[in-house]
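Grab a pencil and have the viewer open. Here are a few exercises, each with a worked solution.

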Amino acid sequence: MTLVKCLVWDLDNTLWQGTLLEDGDVRLPDEVRAVIVELDSRGILQSVASKNDHDLAWKKLEELGVAEYFLVPRIGWGRKSDAVMGIARDLQFALSTVAFVDDTPTERAEVNYHAPEVRCYTEQDVLSLIGLPEFSPEVVTVDARRRREMYRANALRTEEQESFDGPDEDFLRSLDLVMEIRRADDDDLSRVEELTLRTSQMNATGVHYPDRVLRGLLADPAHEVLTITLTDRFGPHGAVGVLLLERHPGVWRLKLLATSCRVVAFGAGTVLLNWLVDQAAQAGVHLAADFRPTDRNRMMEIAYRFAGFTQDPCVCLAGIGDPAGGDVQCLHLVTARREGPATMRLLSPDLTVATSI
Amino acid sequence: MTDRTTTLTAEDLEKELAAYLSEKTKTEVGPADDVFASGLVSSMFAMQLVVHLESTYDVAIIGPELKIDNFRTAQVMAALVLRLSDEAGDA
């Protein structure tokens, strides 16, 4: 069952009761409002495809207090299939992950004719949508609950970047980026797991750490599990990185460093590595990093190498045991203090003081 | 050898690479200017830089050669490219 990522609503006699341009006044039943809020909390995005006067209809959605839930709405007099396909394109979703709900059989047929992958529902289905498996993701992460906010922020960000013609560094500074590195707690773990599964490109070791294993490591004073979130003036990027570190006398071993492809362009990987190098230098230890080259993580290798990691031998490596698997290399760095990033503000714990939660 | 680097002098290469860096960073970059000193470069750009050198000059930059000191200026990048294509030619 393919999950629905975006539900597109008709307005008259589907989302609300009545026809706006005929009745003037329309009513949004509390049960329908509850469906909108529930789908949003599950990370399912929502939009509108309605044949209506745009300004009037949008004003009504604002009055009803639900306008904020709808991204890239299409309200006008064009074909509904064009509206639905346009929404899918704007959100970069495959049509097979988009659903459409409309009370008019002709409209559903028209959408079905031009976009057969789109799943169509009637006004009578509205209240039961939240009970359907295609609207019920198994795990709802913190990021999923904020997905709408993240999409909106991303649209604004892209728009601004396209119209910006100064140096990239100046653009980055203009974003007011804030990176927060924190010791993970129970709540952070589902996001961490999603990241290690998803971000193959920047996952240095390619080793997946299941929820159970990471929970075990949270309680282990020899390990640090850190999560990284990024925010800028447009809004949150969500959880964008995870780092797993093992403490040894004289050396910290980086067992996992994964960052989301979404934030690579902001230099997040480099900022993170530099911070870690600086922390290790303050603690008076070297750094070792597990690394398995694949055809997809070359950027990570470059990030390590440019940060100064080499494969040179060092006495500190004698006590840390073998790397995670046969083809995993051990990269090593003699640490020295590093300056903080010029392009973002960093909020971070002090790793030189070991704590366990 | 049909490799185009055989017909390029170090000076040509330096100019070409400085022009590339200027375009990418949208700032004027001279052959001896250190593009990494300002912290100006993201890991994305480092990646672009490595891939650009490899695809334009038909060299493979791997392992120990990926150190930042090989990429700081147009001059040292030109030297790296010439050295790697010489080694490939000798082999």
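**Exercise 1: around a tryptophan**

Task: Which residues is W252(A) in contact with, leaving aside its neighbours within four places in sequence?

Solution: Keep in mind that this is a predicted model. Setting those sequence neighbours aside, the contacts of W252(A) are L245(A), R247(A), A280(A), V285(A) and L287(A). To place the residue itself, look at strand β9, residues 251-259 of chain A, where W252(A) sits. One more pair to check is W252(A) and V277(A): 25 residues separate them in sequence, and their C-alpha atoms are 9.9 Å apart.

**Exercise 2: burial**

Task: Is W252(A) buried or exposed, and why?

Solution: Start with the cut-off: a residue is buried if 20 or more other C-beta atoms lie within 10 Å of its own. W252(A) has 23 of them within 10 Å, so W252(A) is buried. Now zoom out to the chain: of the 357 residues in chain A, 41% are buried.

**Exercise 3: the open sheet**

Task: In what order do the 5 strands of the open sheet in chain A run?

Solution: Chain A has 12 helices and 12 strands to sort through. The open sheet reads β3-β2-β1-β4-β5, with parallel pairing. Its edges are β3 (74-76) and β5 (119-121) of chain A, each pairing on one side only. From one strand to the next, the twist averages 20°.

Next, take one pair within chain A: β1 (residues 6-9) and β2 (residues 45-51) pair in the parallel sense over 4 bridges. For a specific bridge, go to L7(A), whose partner in β2(A) is Q46(A).

Technical notes
Residues are numbered from 1 along each chain as its sequence is written. Chains are lettered from A and ligands numbered from 1 in the order in which they are written. This is a predicted model: local features need pLDDT of at least 70, side-chain atom pairs count only at pLDDT 80 or more; totals for chains, interfaces and linings use all residues. Helices (H or I, at least four residues) and strands (E, at least two) are DSSP runs, numbered from the N terminus. A residue is buried if 20 or more other C-beta atoms lie within 10 Å of its own, exposed if 12 or fewer, and partly exposed in between; C-beta atoms are placed from the backbone. Two residues are in contact if their C-beta atoms, placed from the backbone, lie within 7 Å. Two strands pair if DSSP finds at least two bridges between them. Axes are lines fitted to C-alpha atoms, for helices over the stretch in contact, and angles run from 0 to 180 degrees between N-to-C directions.
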